[in-house]
Amino acid sequence: MIRLDDRLAAVASFVRTDRRICDVGTDHALLPCFLCEQGARDVIASDVNEMPLEAARANVEKYGFSDRIRLIRSDGLADIPPCDDVIVAGMGGELIARIVGGCTFVTADTRFILQPMTRAEHLRRFLYANGFEITEEKGAYSAGKAYTVVLAVYTGEKREISDEFAYFGKCGDPRYIKKVNGQLEKLGRSDPSLLSIIRKEQP
Ligand SMILES: C[S@@+](CC[C@H](N)C(=O)[O-])C[C@H]1O[C@@H](n2cnc3c(N)ncnc32)[C@H](O)[C@@H]1O
């Protein structure tokens, strides 16, 4: 049985295994293999680079899911056929925003499961400015670092969001809040207005 770390487990928890799934930037394809163990049958594991795709191919064969996981070399979603749940995890918020922005098959039912390593505030601003809404966020803690996983859908309604929402989103995890507070303290040296959105931390 495949064991995912807390970060990828949080990503997996938002995925509907009875839908068409694509994991963009799959690297080792452990997440697609895990999802197949959970019952998924129609999964694309994609990456822009050949080396990660080779690692992905090795794992897909090792776990015996070659009939359920298609490997596709693609820059973002450029060469990906329509799917229902799009995962983009383990990349910077700006790159994730660019990849989501390149989606040509979005419907009201498409789920975007996004896990930014950096610049989450940029990703949240991008999502709302381009008609997406964050329905839920989940905190995760792996190898001593706090992360958020964002679940977003397309509504078509474009909105501006506050600085506070851009930085914290809907993630109420105390470890994530602590991490964002640290970022705001640093950023506040050049933009003191950000100091006012620092949140009270749990003792
Ligand atoms: C740090 S790994 C993350 C792997 C996995 N998604 C995770 O969260 O553990 C980032 C992966 O994204 C791939 N990548 C980077 N830019 C990409 C792009 N524009 N389109 C598709 N994959 C990309 C890289 O080749 C790499 O395999």
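The buried residues of helix α5 pack against α4 (93-101), β5 (111-116), β6 (132-142), β7 (145-154) and α6 (163-168). The structure described here is a predicted model. In α5, which spans residues 120-129, the buried positions are Ala 120, Glu 121, Leu 123, Arg 124, Leu 127 and Tyr 128. Around the helix axis these residues cover an arc of only 160°, which puts them on the same side of α5. Just after α5, Gly 131 has a positive phi of about 90°. In the loop between β5 and α5 lies Arg 119, whose phi is near 50°, a positive value in a residue other than glycine. Arg 119 has 17 other C-beta atoms within 10 Å and is therefore partly exposed.

Helix α4 was examined in the same way. Its buried residues are Gly 93, Ile 96, Ala 97, Ile 99 and Val 100. Viewed down the axis of α4, these residues fall within an arc of 165°, so they line one face of the helix. The elements against which they pack are β1 (21-24), β4, β5 and α5.

Two packed helices are described by the angle between their axes and the distance between the axes. The axes of α4 and α5 come within 7 Å and cross at roughly 25°. Angles under 35 degrees count as roughly parallel, and α4 and α5 are therefore roughly parallel to each other. On the α4 side, the contact is made by Gly 93, Glu 94, Ile 96 and Ala 97, which meet Ala 120, His 122, Leu 123 and Phe 126 in α5. By type, the residues of this contact divide into five nonpolar, two polar and one charged.

The loop between β4 and α4 holds Gly 92. This glycine is partly exposed, because 15 other C-beta atoms lie within 10 Å. Apart from neighbours within four places in sequence, Gly 92 is in contact with Pro 116, Met 117, Thr 118 and Arg 119. Among these partners, Arg 119 is the residue with positive phi noted above. The C-alpha atoms of Gly 92 and Gly 25 are separated by 12 Å, and the two residues are 67 residues apart along the chain.

Helix α1 comprises residues 6-13, and its buried residues are Arg 7, Leu 8, Ala 10, Val 11 and Ala 12. The cover over these buried residues includes α2 (30-37), β4, β5, β6 and β7.

Strand β2 (residues 43-47) contains Ile 44. A residue is buried if 20 or more other C-beta atoms lie within 10 Å of its own; Ile 44 has 22 and is therefore buried. When residues up to four places away in sequence are not counted, Ile 44 touches Cys 22, Arg 70, Ile 72, Ile 80 and Cys 83. Ile 44 and Arg 111 are 67 residues apart along the chain, with their C-alpha atoms separated by 15 Å.

Two further positions were considered. Ala 143 is found in the loop between β6 and β7. Although Ala 143 is not a glycine, its phi is positive, at about 45°. Ala 143 counts as exposed, because it has 7 C-beta neighbours inside 10 Å. The other position, Glu 164, lies in helix α6. With 16 C-beta neighbours inside 10 Å, Glu 164 counts as partly exposed. Between Glu 164 and Arg 199 the C-alpha to C-alpha distance is 9.3 Å, and the two are 35 residues apart in sequence.

Key: Residues are numbered from 1 along each chain as its sequence is written. This is a predicted model: local features need pLDDT of at least 70, side-chain atom pairs count only at pLDDT 80 or more; totals for chains, interfaces and linings use all residues. A residue is buried if 20 or more other C-beta atoms lie within 10 Å of its own, exposed if 12 or fewer, and partly exposed in between; C-beta atoms are placed from the backbone. Helices (H or I, at least four residues) and strands (E, at least two) are DSSP runs, numbered from the N terminus. The arc is that of the directions from the helix axis to the C-beta atoms. Two residues are in contact if their C-beta atoms, placed from the backbone, lie within 7 Å. Axes are lines fitted to C-alpha atoms, for helices over the stretch in contact, and angles run from 0 to 180 degrees between N-to-C directions. Angles under 35 degrees count as roughly parallel, over 145 as roughly antiparallel, 65 to 115 as roughly perpendicular and the rest as oblique. Ala, Val, Leu, Ile, Met, Phe, Trp, Tyr, Cys and Pro count as nonpolar, Asp, Glu, Lys and Arg as charged, and the others, Gly among them, as polar.
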